[in-house]
Amino acid sequence: MKTNDLAGRIPWTLVVFLAALAVPWLGSRYDVFLATQIAISGLFAVSLNLLLGTTGLVSFGHVAYFGIGAYVCGILMKTYAMPFSIALPAAALGAAFASLVFGFFCVRLTRIYFAMLSLAFSQIIWAIAYKWNDVTGGDQGLPDVPYPDLDWMNSIPLLGDLRIAGQFYVVSLVVVGLSLAAMRRIINSPFGRILTTIRENAERASAIGVDVRRYELAAFVVAGGFAGIAGALFGIFSRGVFSDYVFWPKSAEVMIMTILGGIDHFWGPVVGAATLVLLNQEITSYTEYWSFVLGTILLVLLFAFPGGIVGGLSAGFAWLRRKRGRAISPDARRLEATGAETTSVEVKRA
Amino acid sequence: MLEVKGLSKSFGGFRAVSDVNLAVAEGEIAAVIGPNGAGKSTLFNLITGHLQPTAGRVVVDGRDITGVAPFKICGMGMGRSFQRTNIFPKLTVLENVQAAFLIHRGQGPNFWSRSERLYRTESEALLASIGLAAQAWTTAGTLSYGNQKQLELGIALASDPKILLLDEPTAGMSATETHESIALIARIARERGLTLLFTEHDMAVVFSIAQKIAVLHQGRIIAHGDPATVRADAEVRRVYLGDH
Ligand SMILES: Nc1ncnc2c1ncn2[C@@H]1O[C@H](COP(=O)(O)OP(=O)(O)OP(=O)(O)O)[C@@H](O)[C@H]1O
Ligand SMILES: [Mg+2]
């Protein structure tokens with residue numbers, strides 16, 4: 001019981017964040033490369049999960065907003081030499097605005113058509129990115145998007161020791177961390193609770209006074225905006241924006257990350273993103289049949305953990321705790337019973 | 001308070017509700033009865049905006065609400081429960097009613113406060129009044145059928161309705177549960193001064209609390225009035241009450 005309390009008191013989010021922050025100093029260049037990719041994909045997947053897990057909307061075109069963010073940021077920074085501090089918010093706003101326009105039509109349709117229309121819109125964005133040579137660079141893409149100006153970091157101890165990729169990783173991690181904190185707050189807010197009522201039972205939600213379409217649209221816009229932030233970071237990280245970034249397989253990839261990690265938990269998509277990025281790297285370096293091996297591993301994982309990795313783990317822990325609870329002495333149980341508040345919280349989470 | 005004028009609904013060529021007229025006065029407890037498939041649920045769905053009528057009007061407090069979206073109708077003070085139990089199954093019992101408080105009190109666009117702390121007292125008090133205080137932290141979907149029906153009543157009450165429509169509030173309950181549940185509904189309706197319109201198959205229940213009864217048969221009202229009048233009606237006895 002004591003260890004349990006202790007484990008409960010550690011601010012795990014902060015620990016993970018600090019551990020992730022230490023990567024550029026403790027890890028290799030390759031580790032930084034992987035960590036940046038995980039952080040950005042994690043944000044992208046969490047933004048999708050606002051639709052999938054929280055609101056119950058299946059969007060097959062989420063990559064459109066990721067791509068728009070990447071292009072807006074890339075074009076502003078490369079073509080117009082704008083600073084990152086303007087390009088990043090512009091990317092979020094641009095993606096959110098596109099979500100508003102497309103979402104307006106999508107939320108008017110029922111579930112399966114919503115999924116199809118969201119996919120259709122993302123293909124339109126892809127076609128535009130692919131053809132509009134003057135602005136997006138067409139099939140050549142937009143290479144050499146510059147890094148933000150991070151010279152100010154050089155005068156700061158520790159940060160000054162890092163290469164630009166490491167410094168950009170730190171910036172990305174902070175942006176991702178703040179975005180995740182904001183999204184967590186939104187999910188736990190009254191607005192977020194209303195979204196869960198729509199997921200649970202849209203008919204009932206409308207009968208308690210929820211304007212279902214409007215809330216779905218709001219969720220779509222928020223999710224799109226955060227996907228835009230992830231896209232903006234990704235364009236800089238990969239030193240260019242290409243039409244592949246808005247192609248539908250990327251939508252499928254982020255969907256896999258989200259489901260693999262677990263849609264019922266806030267951190268599920270981040271775990272899914274980390275798992276997929278690492279698996280991808282490992283397997284591609286061992287075998288040329290990597291997509292086959294990856295597919296098989298994913299199938300096994302999905303069958304073993306129907307609630308995703310995080311869902312499976314938390315079910316496992318709950319089971320262990322129950323098993324141990326039965327073994328504790330009556331005294332300890334009485335103690336536990338007096339802590340009525342903690343038990344109720346546990347029940348709530350389960 | 002609630003007036004239904006010449007309301008009709010056709011599904012394809014089939015007239016599920018045809019030319020129904022109904023008036024429920026403020027504070028009245030009224031029942032719609034009729035055999036299976038008579039059109040009771042369809043009538044309710046027409047009133048609450050879940051279905052669009054083919055013809056006719058629905059008027060509340062002198063305001064025409066025909067064809068208005070369900071979420072707006074709820075905002076005008078009309079709450080309802082559904083025949084097939086309709087709750088938020090993966091949320092806790094407390095969260096179910098809390099969500100209704102949140103939306104009703106205009107907290108929906110609030111992106112930033114922590115929802116779990118809002119309207120806790122109100123939600124707990126409401127749960128206590130419908131006898132679900134002990135189950136506050138239970139996942140709603142795991143409640144017994146009877147308790148889910150009760151929770152649905154709680155969800156409807158959280159938006160503080162003036163008119164409450166209950167579609168078979170005791171369907172599937174045991175005799176004792178039905179009895180308790182009806183006593184509860186009658187008490188709450190009286191305490192809150194609610195205008196209540198409900199459907200029910202158990203005639204003992206209907207005649208025990210309804211002040212006014214309308215009998216629906218094949219989409220038409222064949223009789224209406226106080227319980228005594230309806231019970232004595234020859235047509236009603238023939239098509240419906242015959243075996244009671
Ligand atoms: N969406 C629909 N499409 C087609 N027919 C429908 C639809 N909804 C209801 N009906 C038909 O309309 C008739 C009335 O149905 P309704 O559910 O209103 O009856 P009810 O009086 O509530 O019956 P019960 O006592 O079984 O609940 C039935 O014959 C039903 O099959
Ligand atoms: Mg019915």
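First, the ground rules. Residues are numbered from 1 along each chain as its sequence is written, chains are lettered from A and ligands numbered from 1 in the order in which they are written, and side-chain values use heavy atoms, with hydrogens and water left out. Because the model is predicted, local features need pLDDT of at least 70 and side-chain atom pairs count only at pLDDT 80 or more, while totals for chains, interfaces and linings use all residues.

Let me begin with ligand 1. Which residues come nearest to ligand 1? Of the 13 residues around it, they are Gly37(B), Lys40(B), Ser41(B), Thr42(B) and Gln83(B). A residue is near a molecule or strand if one of its heavy atoms lies within 4 Å of it. By class, this shell holds 4 nonpolar, 7 polar and 2 charged residues. Here Ala, Val, Leu, Ile, Met, Phe, Trp, Tyr, Cys and Pro count as nonpolar, Asp, Glu, Lys and Arg as charged, and the others, Gly among them, as polar.

Now some atom pairs. A polar contact is a pair of N or O atoms within 3.5 Å; within protein, one must be able to donate a hydrogen and the other to accept it, and residues adjacent in sequence count only if both atoms are side-chain atoms. A backbone N or O atom of Gly37(B) lies 2.9 Å from an oxygen atom of ligand 1. For Gly39(B), a polar backbone atom is 2.9 Å from an oxygen atom of the ligand. His201(B) uses a polar side-chain atom instead, 3.0 Å from an oxygen atom of ligand 1. On its own, ligand 1 has 630 Å² of accessible area, and the protein covers 61% of that. Those areas come from the Shrake-Rupley method with a 1.4 Å probe; for residues, only the protein chains shown count as cover.

The most comes from α1(B), with 3 residues. Helices (H or I, at least four residues) and strands (E, at least two) are DSSP runs, numbered from the N terminus.

Next, the metal. What are the protein donors of the magnesium ion, ligand 2? They are Ser41(B), through OG, and Gln83(B), through OE1, at 1.9 to 2.0 Å from the ion. Ser41(B) sits in helix α1 of chain B and Gln83(B) in the loop between β6 (78–81) and α3 (93–104), so the pair ties together parts that are 42 residues apart in sequence. Donors are N, O and S atoms within 2.8 Å of the metal (3.2 Å for Na, K and Ca); water is not among the atoms, so sites may look incomplete. Gln83(B) counts as partly exposed, at 33% relative accessibility. The scale is this: buried means under 20% relative accessible area, exposed over 50%, and partly exposed in between (1.4 Å probe, protein chains only).

Moving along chain B, take helix α5, residues 145–158. Its 14 residues at 1.5 Å each should span 20 Å, and its end C-alpha atoms are 20 Å apart, which agrees. The expected span is 1.5 Å times one less than the number of residues. Helix α5(B) is mostly covered, with 13 of its 14 residues buried. Just after α5(B), Asp160(B) takes a positive phi of about 50°.

There are other positive phi values in chain B. Asp61(B), not a glycine, has phi near 55°. Asp61(B) is found in the loop between β4 (55–60) and β5 (63–64) and is partly exposed, with a relative accessible area of 49%. Glu168(B) has phi near 50° and lies in the loop between β7 (163–167) and α6 (175–192). Is Glu168(B) buried or exposed? It is buried, at 7%.

Ile163(B), in strand β7 of chain B, is buried at 1%. Ile163(B) and Met78(B) are 85 residues apart in sequence and 4.8 Å apart in space, C-alpha to C-alpha.

Last, chain A. Ile112(A) is in helix α7 (residues 111–131) and counts as exposed at 52% relative accessibility. From Ile112(A) to Thr197(A) is 85 residues in sequence and 19 Å in space, C-alpha to C-alpha. Ser59(A), in the loop between α4 (29–55) and α5 (63–78) of chain A, is buried at 1%.
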